[in-house]
Amino acid sequence: MKTKALLGISTDCTADITADMLEQYGVDVIYFYITTETGRFRDMDEITSRNVIDYIQSGKRKMLSAPPSVYEYEDFFDSQIKKYEKLIHICIGSKISHAYDNAVIAAKKYEGRITVIDSAQVSTGIAHVVLRACRLRDEKKQADEIAEALDDMKDMVSSSFSAESAEYLYYNGRIPEVAAKLCRAFNLHPILGVKNGYLKLLRIGIGNYDRVIKKYIKRQLSDKENIDNDLLFVTTAGCSVKTLNMVKKEIEKHLHFKEIIFTEASATVSGNCGPGTVGVLFVTK
C-alpha cells in the first residue's frame, strides 16, 4: 500500500501558475467555471483566455465566471486527502471571490485535516503565496506554522495590472458605467491593484497605451529598496510578442530580478480585465 505524503499544497486556477511550475512544486489545482451563451466550461481545462477574448471581441458580452461550488470543493478535497495526511488549500482573495467561503464550508467535513488560506490576492499574487507555502513544506514545517507564515505574508505581495480597455471591467461589475464611458471618450486606461484584499481602481493612464504600460512599470518598481528581487511574475492577457518584449525590457531598465516568469492569465482573470492587460506581481521586503 502506497504511503500518503504528510502535507499537500493546492490552489485555484486563478493563481495563473504555469503547468511546469505546478508539476515542479507538486501543486494540484481546482478549476473555476466560465459560462457563455454556448455552455459552461472549466477554466484552463476546457477554455482558455484566448477563447474568452475571442468570444467577447466577436460582440457577445454574456460571460460569467464562478468559483467551484461547495460540492465541487468536496470532490476535489476527497481526491487530495487520499494522497495526503493534511492539505493546505490557498484561495483567491475572499473579498474578490466566494471561492474561499465555499472551500471553508467544504473543508469542515475533514475535521481539521484541511487548512484553507485566504490569500487576499489575485492571479500570480496568489502564486507568490503558493510558492512560499511549498518552500515551507519542503523545509518540513507543520501546517499551522505554514498557515501563520502565509498570514504574515499577505500584505507583502504587490498585485497590480494595467488594462488597455475599461469595457471588460465594466461588463463584470468591477468599475461603474460612468468610469467606463470616461475611459472610452478620453482614451483612458485603468490601473488596478489589490488593496486590503479588494481589487480596486488605483489610477488612470492617459493616451498611448505603450507609454501607459511603461509608466505603470516604472511606478510599480520605483521603491527598489523595499522590493524582493528574487522573483517577478508578469501576467498578461492577449498581448503581442512585441508588447511582451517591451515589458521585459522596461522591467530590466528599472530593477534586476533573479527570475522573471511570464504567465498567461486564466480565462477567469482575462474575461474580467480584457486583452492587452499587463500585470507585474512581486513580494516586498
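Select strand 8 (157–162), strand 9 (188–195) and strand 10 (198–206): each supplies at least two residues of the lining of the second largest pocket. Strands (E, at least two residues) and helices (H or I, at least four) are DSSP runs, numbered from the N terminus. The model is predicted: local features need pLDDT of at least 70, side-chain atom pairs count only at pLDDT 80 or more, and totals for chains, interfaces and linings use all residues. Residues are numbered from 1 along each chain as its sequence is written, and side-chain values use heavy atoms, with hydrogens and water left out.

Strand 8 gives the most to this lining, with four residues. Now select Asp155, Val157, Val194, Lys195 and Asn196, which lie nearest the centre of the second largest pocket among its 20 lining residues.

Next, the salt bridges (a side-chain nitrogen of Lys or Arg within 4 Å of a carboxyl oxygen of Asp or Glu). The whole structure has 11 of them.

Select arginine 40 and glutamate 72, whose side chains meet in a salt bridge (3.5 Å, N to O). Arginine 40 is in strand 4 (residues 39–42) and glutamate 72 in helix 3 (residues 70–81), so the pair ties together parts 32 residues apart in sequence.

Move to helix 10 (residues 241–254), where lysine 253 and glutamate 250 lie three residues apart, about one turn of the helix. Their side chains form a salt bridge (3.3 Å, N to O). Lysine 253 is exposed, at 56% relative accessible area, while glutamate 250 is buried, at 7%. Buried means under 20%, exposed over 50% and partly exposed in between (1.4 Å probe, protein chains only).

Finish at Arg42, Asp45 and Glu46, linked in a network of salt bridges.

Technical notes: On a 1 Å grid over the protein atoms alone, a cavity is a set of points where a 1.4 Å probe fits but cannot get out, and a pocket is an open set with protein on both sides within 12 Å along at least five of seven lines; lining residues have an atom within 4 Å of a point.
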